[in-house]
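Thank you all for coming. Let me put the structure on the screen, and then I will walk you through it slowly.

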Amino acid sequence: MTGSRGRTDGDHGGDRTTRRVPGTPCWVSAMVHDLTATQEFYGALFGWEFRPGPQQLGPYARALLDGREVAGIGQLPRGRHLPVAWTPYFASDDVDRTAEAVRLCGGTVGVGPLDAAEAGRMAIASDPAGAVFGIWQAATHLGTAVSGAPGAPVWNELLTYDAVGVAAFYETAFGHTQKAVPAAGSDRVTLHIDGRPVAGLRGLGDALSRDRGPHWVTYFGTADVDEAVERVAGLGGHVLEPARESERGRVAVVADPQGARFALVSGVTG
């Protein structure tokens, strides 16, 4: 069901063979309770295959789409009842310096910085509102090798209480510039690097689930959202928001059998 693959147009999509500009989303990873079952789910949904990755935080596998790395899945420590979620990583030239900037801006660094074997150096942090993200300083592993294609990451969006308020954190910590999205009555911001949109922020105020709290949502491309939604349900996943039309194309929000939320999108991928 993955259909046609990504474009080969440099940093705007398709194959990625160079380091990302600092502040650009460069990788997405999920920590799960059952690594084998999760691989089976995403293998059936997106056609992913897997190979071992760095094991610093426990068993970890990199997902491959047509032989190109698109995401990572790791095993949570047994007995740790932590939420399962997809986490985007932002590129950095110096993860230690970026981690310190996160702290100075009111964020929290929960893991690292630490080396991930020869692949690079990483940290896992949260913004002042509590949304978790990663920081990646590439060495041999440059990050997602293909994007904007069916089966690959397309976009990342932060759901938070106050988008305009938290945008200042990302602007200071990562060098993003922010641009308000003109929509009546909405609290939406797009983060830019070098004039190019790289991520979205949406403020939901009291409508944001208190149980879930602020969190990042990764959008994965698919050739047919409605078919993909049916497949998610058939594989034991859950449909959280039925397919609808949006400015990014046709989109639906779903969760895998272990509860990791993500969005499916077809149409606009830029």
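I will begin with contacts, where contact means heavy atoms within 4.5 Å: among those in the chain between residues at least 6 apart in sequence, 61% join residues at least 24 apart. Please keep in mind that this is a predicted model, in which local features need pLDDT of at least 70 and side-chain atom pairs count only at pLDDT 80 or more, while totals for chains, interfaces and linings use all residues. Residues are numbered from 1 along each chain as its sequence is written, and side-chain values use heavy atoms, with hydrogens and water left out.

The chain has four helices and 18 strands, which are DSSP runs numbered from the N terminus, helices being H or I of at least four residues and strands E of at least two. Along the principal axes, the C-alpha trace spans about 45 × 45 × 40 Å. Of the 270 residues, 50% are buried, a word that here means under 20% relative accessible area, with exposed over 50% and partly exposed in between, for a 1.4 Å probe and protein chains only.

Now to the interior. A nonpolar core is a set of buried Ala, Val, Leu, Ile, Met, Phe, Trp, Tyr and Cys residues joined through side-chain atoms within 4.5 Å, and the largest one has 30 residues, with Tyr-42, Phe-46 and Trp-48 among those with the most contacts inside it. Several elements each supply at least two residues of this core, including strand 2 (25-32), strand 5 (68-75) and helix 4 (225-234), but helix 1 gives the most, with five residues. Another core, of 25 residues, lies apart from it and includes Leu-158, Ala-167, Phe-174 and Trp-216.

Is Gly-143 buried or exposed? Its relative accessibility is 6%, so Gly-143 counts as buried. Leaving aside residues up to four places away in sequence, Gly-143 touches Arg-20, Cys-26, Trp-27 and Glu-69. His-81, by contrast, is 62 residues from Gly-143 along the chain, and the C-alpha atoms of the two are separated by 28 Å.
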